Amino acid sequence: MAKIIDQLKTLPQRLLTIMIFLLVWEIAVKAGLLYPSPVPPASSVLGALKDLAFESIFWEHTFVSMQRILSGYALAIIIAVPLGFAVGWSTTLERYLDPLLQTFRQIPLMALFPVFILFFGTGELPCILIIMLAAMWCILLSTISSVQNIDPFLVKTARSVGTSQWDMLRKVVLPSAVPSIFTGMRYAYTDILLVLIAVEMLGVNGGWGIIVSSHEHHGQSHTVMYAILISMAIVGVIVNYIFVALERRLCRWKETIEIT
Amino acid sequence: MDRILETESVTKTYRLGKIDVPVLHGIDLSVKQGEFAAIMGPSGSGKSTLLNIIGCLDRPTSGRVLIDCIDTSTLSDNELAVIRGRKIGFVFQTFNLVARLSAQRNVEMPMIYQDVPRNARVKRARELLTLFGLSDRMDHKPPEMSGGQRQRVALARALANDPALILADEPTGNLDSKTGKEILRILEDLNERGRTILIVTHDHEIAGKCDRIIRLKDGVIET
């Protein structure tokens, strides 16, 4: 509770730069500094954002995108975390798998989308798979590096008390690696969003990408498009906070294995 | 007397990028049961590397290490963990205790990995801590204790599974001379009761109390 009160106390400071940004935006557009302006004034965009919050269609599209994000994330975590542990822990496995992983990582994901459509049709599956791939690399690489960079002092201590390989992974390596894995998950969200919007703009059923492109192409209103972009940023901030909160909860573990 | 430890032509080479850095060049060493031996040598002579290999914390590049007549070079990582847990007790210069666990829980740790039942391990941990004069510190956590107390907890942990061999890497290196002497007295006492102790040290006073001094220089034993 005290933490929440502390955070509320610093809220004005945290919001100050955002306020200044909005103010500069408003003044620049209204004063004609950006003429002919492709950007509507901040006040109109914020007004549209408020209207958007009460539109059920916006929430339906948000729900569709969120479902895709969560499915892709879940698959990415299920695959990347165990794989990252195996590759990070076993130098032999790393020797065999690293070249393959590094090569695959360089393939631009969007170029794979038509291939995915060929293989999996035009439904949700190719969409979710491409999101999974987008999230996977960040999580995989952060898991590998966190396992490889585990404090040797900690490993030596655990070994000296007779810890088996399995206990070492479960009780020493996993708790130490959790913070980096979470960082990987947070960074992965940006990659996910990039791919998600592109895929949805290509014309799958529903989602943020569709509403962005419809407002962009049909010229209905740029104001609404910017409002949608801002709403996506707000959702991103919320997702980030959820991860930070989860990480804090889980990283109580970390304290338990601090060595003195 | 039986030999508790033997090394045969042990070498260790670390690979730093593309360069091979040889640390140990063919170490032949044997330690008898009940011996109190010191390994001495300048920094970088390979003392700690040798101790880590003897303690199965690291594998030699070539050669064999026999603990209690068991050839450790043929064992899997999990079998090595069992050897470490049952036959060897480690004491480090830096204590290496788990900060958030009480002294008693720290001492219980090696017994947990050897599946000692809870009641038995609590009893053993409390006995050992009492033996080392820490009966009033059992529930204290390492950060609340002095260096000497921490090292005594570490010694109790090293003895938890009643190992035949104690390996101590500069156990008094982080302690003042008075506390260092206390720890040395405990080690001498343990040796008198039949425990084999191998200690890496820079301290001539400590080495002077040992049955034998093994001098290491540039990865070879000086004769």
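Chain A has 12 helices and zero strands, where helices are DSSP runs of H or I with at least four residues, strands are runs of E with at least two, and both are numbered from the N terminus. From the N terminus on, then, the order of elements is α-α-α-α-α-α-α-α-α-α-α-α. The C-alpha trace of chain A spans about 70 × 55 × 35 Å along its principal axes.

Some conventions before I go on. This is a predicted model, with local features requiring pLDDT of at least 70 and side-chain atom pairs counted only at pLDDT 80 or more, while totals for chains, interfaces and linings use all residues. Residues are numbered from 1 along each chain as its sequence is written, chains are lettered from A and ligands numbered from 1 in the order in which they are written, and side-chain values use heavy atoms, with hydrogens and water left out.

Now the interface. Contact here means heavy atoms within 4.5 Å. By that rule, 19 residues of chain A are in contact with 25 residues of chain B. The two chains bury about 1,900 Å² between them, 57% of it on carbon and sulfur atoms; buried area is the accessible area, with a 1.4 Å probe, that two parts lose on being put together, summed over both.

On the chain A side, α8, α9 (165-201) and α12 (252-256) each supply at least two residues that touch chain B. The most come from α8(A), with five residues. By class, that side has four nonpolar, eight polar and seven charged residues. Nonpolar means Ala, Val, Leu, Ile, Met, Phe, Trp, Tyr, Cys and Pro; charged means Asp, Glu, Lys and Arg; the others, Gly among them, are polar.

Next, the open spaces. On a 1 Å grid over the protein atoms alone, a cavity is a set of points where a 1.4 Å probe fits but cannot get out, a pocket is an open set with protein on both sides within 12 Å along at least five of seven lines, and lining residues have an atom within 4 Å of a point. Grid points are joined across faces, edges and corners, and a volume is the space filled by probe spheres set on the points.

The largest pocket holds about 920 Å³. It has 23 lining residues, with A:Trp89, A:Thr91, A:Val155, A:Arg159 and B:Asp58 nearest its centre. Its lining has eight nonpolar, seven polar and eight charged residues.

The second largest pocket holds about 620 Å³. Of its 17 lining residues, A:Leu15, A:Ile18, A:Ile230, A:Ile234 and A:Val237 lie nearest its centre. α2(A) gives the most to this lining, with eight residues. The classes here are 15 nonpolar, one polar and one charged.

Last, the search finds one cavity of 30 Å³ or more.
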